[in-house]
Amino acid sequence: MAAPRLLLGTVLACLTLRLCLAVCPETGAVDPGLGGEEAQGSCGCSTSRGNRAPGEAASRKYSREVHLPQQPGNGPKDKDEGRQMASIPAGVFTMGTDEPAIQQDGEWPARKIHINHFFMDLYEVSNREFEKFVNATGYLTEAERFGDSFVFEGMLSEQVKSEIHQAVAAAPWWLPVKGADWKHPDGPDSNIVDRMDHPVLHVSWNDAVAFCTWAGKRLPTEAEWEYSCRGGLENRLFPWGNKLHPNGQHYANIWQGDFPTSNTREDGYKGTAPVTAFPPNSYGLYNIVGNAWEWTSDWWSISHSADTAQNPKGPLTGTDRVKKGGSYMCHKWPAHTTA
């Protein structure tokens, strides 16, 4: 599981999403996973189609296009990053670890997991893709409805910081900022004009599910996310191997320096990076670790069976959802394939 563990209503400036599609093992047909609980199947999706959002015509057109996956690793063919998907083969992998870096994250024990074939977005959902969704549906994110969101203090202007007089006690670098949302990721005096190809931020789990419904896709399960993150590798610390910087090259957007006071930006970025930045893993997935935390469909738990499982979906209930992959604020440990 990924830290920090946050209540569903909490929105942070480092959360984004990446979407996937299931493939029926009997027919090979692509299933966007939009059925109710009774139609869940192996994909673990439970988004209802009963209450259809405005702009569904645009949604269905979009979904037909995303059902035509591109070959992984070819890079973006246009500016619609979120429409390209990698074909993730069925297989067996070792999920979790018997040597967790952070015990309370519940990444243990190691267990054998069987995964069916599915498709995964090559990229995190960008501001450009999310803007299309908002323009088509008129959707308001929870941060916009709440009127505020949490932002890392290092990204705020001095003017905005001077107006804030409270913080999260356990993590004082997180500040509640009025007017912070996906269009104003670093506070009300910021914008995304020059960051349309960066991951959309301040997206709650409910916002992510709304986007999935519109796009005709779904969030991956935790097992699917971890399996695709590994890129076919076993017993490796990172999606690309065991070295954080092989041949001196940066493979992820994470923190360099002393957190939270000094970021040396050795990877070239103070905050988020474009969703196409850094080399992809062996499945063609970009920024699968670092940059921004990614939502999954699973409820979070620290208790896991060591038994072999087939397409696990996580607990039936819970209070938090699993977030994976770490962000630009993380050091090397959350960049691990299990994080």
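Predicted model: local features only at pLDDT ≥ 70, side-chain atom pairs only at ≥ 80, totals over all residues.
Which residues does Asn287 touch, not counting residues up to four places away in sequence? The neighbours are Arg18, Glu124, Pro274, Val275, Thr276, Ala277, Phe278 and Glu294, where contact means heavy atoms within 4.5 Å.

Residues are numbered from 1 along each chain as its sequence is written, and side-chain values use heavy atoms, with hydrogens and water left out.

**The chain as a whole**

The protein chain holds 6 helices and 12 strands. Helices (H or I, at least four residues) and strands (E, at least two) are DSSP runs, numbered from the N terminus. Of the 339 residues, 53% are buried; buried means under 20% relative accessible area, exposed over 50%, and partly exposed in between (1.4 Å probe, protein chains only). Among contacts with a separation of 6 or more, 73% come from residues 24 or more positions apart.

**Around Asn287**

Asn287 sits in the loop between α6 (222-230) and β10 (293-299). Asn287 is buried, with a relative accessible area of 3%. A polar atom of its side chain lies 3.1 Å from the backbone oxygen of Ala277.

**Strands and their partners**

β10 belongs to an open sheet of 3 strands, in the order β1-β10-β12, with mixed pairing. β1 (15-16) and β12 (321-324) stand at the edges with a single partner strand each, so one side of each has no neighbour in the sheet. Elsewhere in the list of pairs is β4 (residues 85-88) with β7. Two strands pair if DSSP finds at least two bridges between them. Here are both pairs side by side:

| Pair | Sense | Bridges | Facing residues |
|---|---|---|---|
| β1 and β10 | parallel | 2 bridges | Leu15 and Trp293 |

Strand β7 (residues 118-121) is covered on both faces. Phe118 and Met120 are buried on one side, and Phe119 and Asp121 are buried on the other.

**Helix α5**

Why is helix α5 described as largely enclosed by the rest of the structure? In α5 (residues 205-215), 9 of the 11 residues are buried, so the helix is largely enclosed. Among the buried ones are Trp205, Asp207, Phe211, Cys212 and Trp214. Just after α5, Gly216 takes a positive phi of about 75°.

Notes. Polar contact = N/O pair within 3.5 Å; in protein donor to acceptor, adjacent residues only side chain to side chain.
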